[in-house]
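Have the model open next to you as you read.

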Amino acid sequence: MTTIAVLVDPPRPDLVLPDIAETTPLSPEQCGDLYAAMTRDVVRTITTSGGDLLVNFRPDESLPESHRRGEGTAETEIREVVSSVVDDARFERQVGETFAGRAGNTASHLLDAEEVQSVGVLTPEAVFTARQQVDAAAMKIRTTETVLGPTTDGRVYYAAFREEIDFQDAYAHPAVESLTDRTLDMGNDVDFLAYLPVVETATDLANAVTTIRTRQRAGSRVPESTAAWLDEVGLFADADGDLQLDG
């Protein structure tokens with residue numbers, strides 16, 4: 001079984017989704033709410049898959065000083081978000097100064113100290129990840145040392161490891177190339193999942209809104225917490241692809 005670590009920041013204004021807060025009609029506070037909704041959707045996906053969920057939270061002391069609220073508050077905020085989806089999730093603190101460092105420390109600890117078979121890394125921004133991708137990655141990782149889920153602009157929405165790599169700067173842009181090269185440097189193989197979108201930028205969000213609205217009309221699967229939040233705030237993409245709020 002793959003242990004899937006969802007690396008989560010506390011959903012605080014100006015800390016999460018900063019590009020979207022700066023370049024769309026959404027306020028920093030609304031971006032925090034959007035991030036929380038996406039967190040619920042990603043956690044829900046893992047709980048319905050064959051993976052073993054680990055919520056890997058970023059503690060207050062590792063946050064920029066302007067975003068700290070006191071020891072333990074980050075964990076409390078993230079637990080409140082996750083508890084609406086699952087009551088018995090496992091929580092662990094992230095360790096590391098960069099995303100690559102935090103992801104690498106998590107993967108290395110699970111593979112070495114806990115001797116899990118494989119480790120997957122997800123973030124709330126990978127909100128379109130569904131059970132199919134998680135289970136497909138679990139199948140591929142049985143015969144391949146690294147499995148990557150590529151998205152636009154050379155980014156990745158998912159990464160799974162059966163063996164460690166050198167994680168220093170392993171997510172350097174383009175992350176899909178950097179992670180591939182680090183795996184090949186170890187003499188190991190890489191396999192890939194199908195492309196999926198993520199939600200990190202204004203362009204990402206505009207595409208996500210259109211995708212979700214289209215799927216809703218067609219009766220197809222959508223990330224339900226995120227879709228409900230978009231309906232609540234009335235966010236839509238106009239004819240030019242620009243994001244607007246009703247009213």
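Which residues lie nearest the centre of the largest pocket? They are Phe99, Thr123, Glu125, Tyr171 and Glu200, out of 28 residues that line the largest pocket. Before going further, a word on the ground rules: this is a predicted model, where local features need pLDDT of at least 70 and side-chain atom pairs count only at pLDDT 80 or more, while totals for chains, interfaces and linings use all residues. Residues are numbered from 1 along each chain as its sequence is written, and side-chain values use heavy atoms, with hydrogens and water left out.

**Pockets and a cavity**

On a 1 Å grid over the protein atoms alone, a pocket is an open set of points with protein on both sides within 12 Å along at least five of seven lines, a cavity is a set where a 1.4 Å probe fits but cannot get out, and lining residues have an atom within 4 Å of a point. Volume here is the space filled by probe spheres set on the points.

| Space | Volume | Lining by class |
|---|---|---|
| Largest pocket | about 620 Å³ | 18 nonpolar, three polar, seven charged |
| Second largest pocket | about 180 Å³ | four nonpolar, five polar, three charged |
| Largest cavity | about 30 Å³ | three nonpolar, three polar, one charged |

For the classes, Ala, Val, Leu, Ile, Met, Phe, Trp, Tyr, Cys and Pro count as nonpolar, Asp, Glu, Lys and Arg as charged, and the others, Gly among them, as polar.

Back at the largest pocket, strand E1 (2–8), helix H1 (18–23), helix H4 (99–112), strand E4 (118–122) and strand E6 (156–161) each give two or more residues to its lining. The largest share, four residues, comes from E6. Helices (H or I, at least four residues) and strands (E, at least two) are DSSP runs, numbered from the N terminus.

In the second largest pocket, helix H5 (residues 131–140) gives the largest share of the lining, three residues. Among the lining residues there are Thr2, Gly50, Gly51, Asp135 and Ala138. Those names turn up again in the lining of the largest cavity, along with Ile4 and Val134.

**Rings**

Two aromatic pairs turn up in a search of the whole structure. Rings of Phe, Tyr and Trp (its six-membered ring) pair if their centres lie within 6.5 Å, with planes under 30 degrees apart counted as stacked, over 60 as edge-to-face and the rest as tilted. Phe99 and Tyr171 are edge-to-face, 4.9 Å centre to centre with 90° between the planes. This pair links distant parts of the chain, with Phe99 in H4 and Tyr171 in the loop between E6 and helix H6 (175–185), 72 residues apart.

Is Tyr171 buried or exposed? Tyr171 is buried at 18% relative accessible area, and Phe99 is partly exposed at 29%. Buried means under 20%, exposed over 50% and partly exposed in between (1.4 Å probe, protein chains only).

The rings of Phe161 and Phe167 have centres 5.1 Å apart and planes at 80°, so that pair is edge-to-face. Both Phe161 and Phe167 are buried.

**Helix H8**

Helix H8 (residues 224–233) has Ser225, Thr226, Ala227, Trp229, Leu230 and Val233 as its buried residues. Just after H8, Gly234 takes a positive phi of about 75°.
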